[in-house]
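Start with the model itself.

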Amino acid sequence: MHNKLANSHLPAKPYTTGLVLPVRVLHAGHKDEILQHLLLLNEEDRRLRFGTQTPDEVIHHYVEHLDFDRDAAFGSFDSQLKLIGMAHLAYLPKSQDEAQAAEFGVSVLPEGRSQGIGTALLTRAAVHSRNTGIETLYVHCLANNRAMMHLAQKAGMRIEYAYGDADAYLKLPPANSSTIVEEAANEQWGGFDYALKENLKRSNDAWWWFLGKPQINAR
Ligand SMILES: CC(C)(COP(=O)(O)OP(=O)(O)OC[C@H]1O[C@@H](n2cnc3c(N)ncnc32)[C@H](O)[C@@H]1OP(=O)(O)O)[C@@H](O)C(=O)NCCC(=O)NCCS
């Protein structure tokens, strides 16, 4: 099987105890979290994510201009509701006789890497793409971005190299009833996971308030 994301609902990695890693749709209300997430990336990660040196001001501008009506964004939150991974699916303008395409950009904070979050975000974006009529999903990456190349290859993407950069392409078949159901189930699961973490965090915060935060002994 070549096009794994298109043909399979069950990628190998993004599962813990048999469950797909929860991914939530992000909206304009998440702009602060997205900004904090991207500002936490170091210089090299920003270069890999955006393909060039990306100072804080550029990140501020990027987040400010995210268009949630046109594009889609997905996030993975840790137990403290920190946005540990985020993906932006940017819909490209459709030109005549060309397939409708979208560009996928992703970042996972270092402490969350190699746990399947990047794969889960790509899987989620691919299903959403199919359900919204996208025929080609592509990722622009620097040719030395080994982690992204590995992730793309594992997903069955075709990779083309040019001038030190690489474009990974995934041809997507049209949506069907299972992709619609899959996306709805993912959305419910992502929402449930977030609500659970929110409640746990609230009750932990309440206990810390009641008992007092433990002091770390300074020598
Ligand atoms: C690329 C990135 C999103 C991957 O996120 P992630 O959550 O670690 O991804 P996953 O855990 O799903 O998969 C990563 C895979 O790459 C592999 N990998 C990690 N570093 C690697 C490296 N240097 N060389 C080869 N493979 C590597 C991991 O072992 C894992 O493979 P496996 O699933 O077969 O074990 C993350 O590294 C990142 O945010 N990088 C900076 C931004 C970026 O490069 N974005 C992509 C361009 S848009």
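Leaving aside its neighbours within four places in sequence, His 128 is in contact with Ala 72, Leu 89 and Glu 183 (contact: C-beta atoms, placed from the backbone, within 7 Å). His 128 sits in helix H5. Helices (H or I, at least four residues) and strands (E, at least two) are DSSP runs, numbered from the N terminus. This is a predicted model: local features need pLDDT of at least 70, side-chain atom pairs count only at pLDDT 80 or more, and totals for chains, interfaces and linings use all residues. Residues are numbered from 1 along each chain as its sequence is written.

**His 128 and its burial**
- His 128 counts as buried because 24 other C-beta atoms lie within 10 Å.
- The cut-offs are as follows: buried means 20 or more other C-beta atoms within 10 Å of the residue's own, exposed means 12 or fewer, and partly exposed is in between, with C-beta atoms placed from the backbone.
- His 128 and Glu 183 are 55 residues apart along the chain, yet their C-alpha atoms are separated by 6.8 Å.

**Whole chain**
- The chain holds 7 helices and 9 strands.
- It has 219 residues, and 30% of them count as buried.
- Among contacts with a separation of 6 or more, 67% join residues 24 or more positions apart.

**Nonpolar core**
- The largest nonpolar core has 39 residues. Such a core is a set of buried Ala, Val, Leu, Ile, Met, Phe, Trp, Tyr and Cys residues joined through C-beta atoms within 7 Å.
- Phe 74, Ala 87, Phe 104, Leu 121, Leu 122, Ala 125 and Leu 137 have the most contacts inside this core.
- At least two residues of this core come from each of helix H2 (31-39), strand S4 (72-77), strand S5 (83-91), S6, H5, S7, H6 and strand S9 (165-171).
- H5 supplies the largest share of this core, 7 residues.
- Beyond its neighbours within four places in sequence, Ala 125 is in contact with Phe 74, Ala 87, Leu 89 and Phe 104.

**Ligand shell**
- The ligand is surrounded by 25 residues, and the closest are Leu 48, Arg 113, Gly 118, Thr 119 and Arg 146.
- Two or more shell residues come from each of helix H3 (43-50), strand S6 (101-108), helix H5 (117-131), strand S7 (136-142) and helix H6 (146-154).
- H6 gives the most to this shell, with 6 residues.
- By class, the shell has 9 nonpolar, 10 polar and 6 charged residues. Here Ala, Val, Leu, Ile, Met, Phe, Trp, Tyr, Cys and Pro count as nonpolar, Asp, Glu, Lys and Arg as charged, and the others, Gly among them, as polar.

**Ala 152**
- Ala 152 lies in helix H6.
- Ala 152 counts as buried because it has 25 C-beta neighbours inside 10 Å.
- Setting aside neighbours within four places in sequence, Ala 152 is in contact with Val 139, Met 157, Ile 159 and Ala 168.
- Ala 152 and Thr 119 are 33 residues apart in sequence and 8.7 Å apart in space, C-alpha to C-alpha.

- S8 and S9 pair in the antiparallel sense over 5 bridges. Two strands pair if DSSP finds at least two bridges between them.
- Strand S8 (residues 158-162) has 5 residues and the number buried is 0, so S8 lies largely in the open.
- Glu 160 stands opposite Asp 167 in S9.
- The hairpin has 2 residues between the strands, and Tyr 163 takes a positive phi near 50°.

**Helix H7**
- H7 (residues 177-211) has 35 residues and reaches 51 Å from its first C-alpha to its last, close to the 51 Å expected at 1.5 Å a residue. The expected span is 1.5 Å times one less than the number of residues.
- Thr 179, Glu 182, Asn 186 and Gly 190 are buried in H7.

**Positive phi in loops**
- Leu 81 is not a glycine, yet its phi is positive, about 65°. Leu 81 lies in the loop between S4 and S5. It counts as partly exposed because it has 13 C-beta neighbours inside 10 Å.
- Ser 114, also a residue other than glycine, has a positive phi near 60°. Ser 114 is placed in the loop between S6 and H5. With 10 other C-beta atoms within 10 Å, Ser 114 is exposed.

Methods:
A residue is near a molecule or strand if its C-beta atom, placed from the backbone, lies within 6 Å of it. Two residues are in contact if their C-beta atoms, placed from the backbone, lie within 7 Å.
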